[in-house]
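I opened my notebook to record what I looked up today. My entries follow the order in which I checked things.

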Amino acid sequence: MRSAGLRRTRRISRASAAALVTALALTSLASCGTSSSKDDDTNSASKGSSDPSAPLDPKAKVTISIDCMPPAAKAAELREWNEDIKTFNKTYPNVTINGKSTPGQCNEPPRFTAMLKGKSQPDVFYAYFSDLQQVLDNDGAEDISAYVTDKTVPALKDIQTQVVDVARKDGKLYGLPTSNYTMGLMINRKLFTEAGLDPNKPPATWDDVRTAAKKIADLGKGISGYGEYSAGNNGGWHFAATQFGLGGDVVDASGKKAAFNDANGKQVLQQLHDMRWEDDSMGKTQLLKWGDLQKQIASDKLGMFLAAPDDIAYMVQQLGAKYETFGLGPIPGAEGTLFGGNNYLIKKGSSPDQIKAGIAWLNFKNLTVGKGQFDWARTKADQLPVGLPQPNFFLGESKTKDDAARAANATMPVENFKAFMDNPVPGKAEPPKAQEIYKILDNAMSGVLTNEDANIDKLLSTAEQQVNQVLANQ
Amino acid sequence: MSAPTLSSRKATTPGPGHSRPARRDSAREDFLRAVRRNISAHGFLIGAVLCFSLFSWYPMVREFILAFQKTEDGKTTWAGWSNLTYVFNDPAFWQAWRNTLLFTVLALLLGFVVPFVVAVVLNEFRHGQGYLRLLVYLPVMLPPVASVLLFKYFYDPGYGLFNRILDVFHLPAQQWLQDTDTAMLSVVIAATWMNMGGATLIYLAALQGIPGELYEAAELDGAGLLRKVWHVTIPQTRLILSLLLLMQVIATMQVFTEPFLLTNGAGPEGSTTTVVYLIYQYAFNFNNYGSAAALGLVLLVVLAGFSAVYVRLSRSSED
Amino acid sequence: MASNTLVSRRGSDVRKSARRRAGRGADVGRQRTLISPAQLGRPRGKAFYWIVFTLVIILFTVAFLGPLYWMVTGGLKTTQEVVQSPPTAFPSSLHTENYSQAWTVMDLSKLLFNTLYYAFGALAFQLVFDVAAAYSLSKLRPVFGKVILGMMLATLMIPATVLVVPQYLTVLDVPVFQRNLVNSPWVIWLPSVTNAFNIFLLKRFFDSIPRELLDAASIDGASPLRTLRSIVLPISRPILGVVSIFAVVGVWKDFLWPMLTLPDPSKQTLNVGIYSLASGVPENVLIAALTIASIPTLLIFLLFQRNIMSGLTAGGLKG
């Protein structure tokens, strides 16, 4: 039908009346081209050195786009970002960096999936550690192994291998880390004191957590002792963290079978169920996702929840909380803890110079001691948080230097994180197909938190069946 | 003076070609005129047809193709029936159907009956009808995100307004969206509040078309209020009612925004996971477009079957 | 549950109700309804009427204006007061800064502008392409016109969300034109043209324009385009109004499609933008943002209330 229509349109030039409408129709479709976003990867001016291991030639003219620039609401961070670009441009005056900001979370899994499918990611794009497989499934990232060397990223040897290796698949490197975290137990010190608990000794076992939660909930005034997510993939994410803390696993070593339908998995759900229904220490509102518990603890309505240290910065900056409020302990159980973080990958199809420029920028902004995000003196001057335990992925000499600078510029009572710092728990990487599995496990979490008569065995076996199906389908 | 003008005049005058003596010539001319008329007619059509082809008809075809394909490491291959088996083996599949049916039934009970009753009552008022219509239609004009988040606050089991109201009447507090038993109902209540305005106005218009004599006749037969509604109001608005029913079913089967915003889609223990949400989840959480298309196909078949049966039934009852 | 759904039955009921009206002859004054005037005239009837009337007025005011009141005042409270139980009827202290904070933090001006831009762009496209298509199908009678119309109407039976996956994959790489429309306004505008319901409404209205009127014009040598412009469009004002409302409201209320196809935060619509920011701001600021987001459509609605309501009911019926 379409071809017939088009054949007619050629003859139509004689029929003036209809021609007008047709012309309108066709120009409108043709002018889609002007707003097309398909060919904007600007493969231009790639006349720099063809040797991938050579650093970027400062004369090379390159433009790169990059996401997760701080939004206008985070004024100080945005200022630092712009400052850093200025400094960076002193060395590389011909690199133009187009930042794209995201007011909410930089990476929301469904939006990220859609972005990959649409190949609309910027040249240098932000991802969670667990996203690599999905990116590769969509053929979305360049292999940058040859570009990342001691010359281009001098601190490389001083970065924890675990943190770099999440971006490696079959020996090829696809990204560079910006931050890492391990999950711990965040507490509200104010409520701990009010409830007669010692804020310097966060509960170390789940039994202790339960007792403490009950005492805090007994304060009344709508205060809950312990909070947990059960929506937006966050429930499953925390299920995995709790499971790791108990020494359990989510997916077995082969990566093909679910491994959470065991005594540990049962304990995870059972203790949540008991805290919610027997002790009534978890509040009535459930189906929470990232952001909700932060709001609660920041307004002194929540005693404890599992969190990464950088949540503190979020709560202070965006929710108006105070650093003194928060303390941090290791994850209860302490057999292992979920470790995760973010890295930047480089879009498939970028020119060698774009790749080099991207790596140069990432190195400067995120991976250099004393520069960019690790310029603690500046961070302090801008009244941003200094002294959080993480991101902290350096080793050896770099770590010594960085730790010293952190301590010297600390803007918060660092001793409140002593329990967390002194009891490092071995980090455990997220399972394959992490977001899919988390999504499925959300249901198990919401099951025990919203249904007093939830059948834990059934919740686990249903989730197991679904996870196995997802894993088999890769 | 342009060619199509002539042709369209010709086409609309009776007995085309009557002024020409030679028959072969006139046949040729008729043909040319028809061509010219069609060029101009299709010229008017082409914008819409192109858009339909690209964004409606082609995706429909593509749905079928996708359902039998899978994509791995950037390569697309034929998948046979594996997407459909995946869908049918997913425990969430049957749950999603149960939820969708529950939603449809509840949405019909509330979203279909409430606006009708409201319209019947409003239609009796001799005062303030404009104000009441305005009120009922107000939520339709709100951005859905505003209405839905409002209800989320009202439903909160801690500080929510609804539990406060129940408390005033000494009724037990509810968990609303947080309980597997009431989650879907809560979603439907919010959806009804948001959308009933349109339906109410339609009913009002239909009610005003009912001849008053019919009521008078019924009264002469001694009919009471309910019998008048049953024997006059409902039969007289039957066509509107039945069409609305069909549209409501199709619309409720594809509900997405309300559960997505109220309960993040899944809800407690997956109790607000609808078929459409499951499609979304397959595609955009699991990156599994094949299974998403396969499930879409299943829903399509069910809806097509429903429409066919429904149209047949309502046609036979009309005769 | 789109507003489209609501009016469709009107369209097909047109003939029936028109016949009914014609059959009733001249109906002067207020029409007879369910309850007889005599019954209402009696003292007991009168008292009953006023009691029910007052109750309904109060109930509706609370049910439909109450949430809006809660929203406006909620935006003026402190975070603690918003989540306080029992809630306060009036903010204990006024915090207007929540509104200015919502405006800047959530970048509402940009979201508002985006939404208006998409909505009125979609309106323009629909007015040009859909009117042209409906005119052609109704008056120019192209070959395959019936088939094309049928294929367009068939899309009404298929819920939009079922096709969301193939449609999404299509806009990523539009066939023939090889374009990726994601993050461009075209991704809203062009698919909005595939509004079969609006085409249907327009065509029905055009069908009702007497042939003689157009024939006269074409004998005078007017081209189809001029006929459309100078004869058809002026008498079609009411239906154009209805279609415009549907077009704008449709874009204004859409959620899933813009969420998928406009991932860039600087290009998002109001609904999607507020949704994705909701978890990152304190509750009172979020409520203030909801209030601001509701104002534009509410204003438009209140200003053009008369036209919109009569357009929705009478206009639809005439069409």
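Predicted model: local features only at pLDDT ≥ 70, side-chain atom pairs only at ≥ 80, totals over all residues.

Entry 1: Is B:Gly111 buried or exposed? I looked up its C-beta neighbours and found 24 inside 10 Å. The cut-off for buried is 20 or more, so B:Gly111 counts as buried.

Next I asked where B:Gly111 sits in chain B. B:Gly111 belongs to helix α4 of chain B, which covers residues 91-124.

Which residues does B:Gly111 touch, leaving out those up to four places away in sequence? I noted B:Ala191, B:Thr192, B:Asn195, B:Met196 and B:Gln248.

I also looked up B:Gly111 against B:Thr257. In sequence they are 146 residues apart. In space, C-alpha to C-alpha, they are 16 Å apart.

**Entry 2: the domains of chain B.** I looked up how chain B is divided. Domain 1 spans 3-66, and domain 2 spans 83-318. Taken over C-alpha atoms, the centres of these two domains of chain B are separated by 43 Å.

**Entry 3: record against model.** I turned to UniProt for chain B. Its unreviewed entry places the feature "transmembrane region" at residues 39-58, 101-122, 134-155, 183-206, 237-256 and 292-313. I picked two of these spans and checked them in the model.

Residues 237-256 of chain B are 80% helix and 0% strand. The end C-alpha atoms of that span lie 30 Å apart.

Residues 292-313 of chain B are 100% helix and 0% strand. Here the end C-alpha atoms are 31 Å apart.

**Entry 4: chain C meets chain B.** How many residues does each chain bring to this contact? I noted 97 residues from chain C and 101 residues from chain B. On the chain C side, helix α1 (residues 3-24) gives the most, with 14 residues. I then sorted the chain C side by class: 60 nonpolar, 25 polar and 12 charged.

**Entry 5: the domains of chain A.** I finished with chain A. Domain 1 is made of 62-180 + 340-409, and domain 2 of 184-339 + 427-472. The centres of the two domains of chain A are 28 Å apart, taken over C-alpha atoms.

How values were computed:
Residues numbered from 1 in each chain as written. Chains lettered and ligands numbered in written order. Contact = placed C-beta atoms within 7 Å. Helix = DSSP H or I, 4+ residues; strand = E, 2+ residues; numbered from the N terminus. Nonpolar A, V, L, I, M, F, W, Y, C, P; charged D, E, K, R; others polar. Domains from an automatic or database assignment. Buried ≥ 20, exposed ≤ 12 C-beta atoms within 10 Å, placed from the backbone. UniProt positions renumbered as here; feature names shortened; annotations may be inferred.
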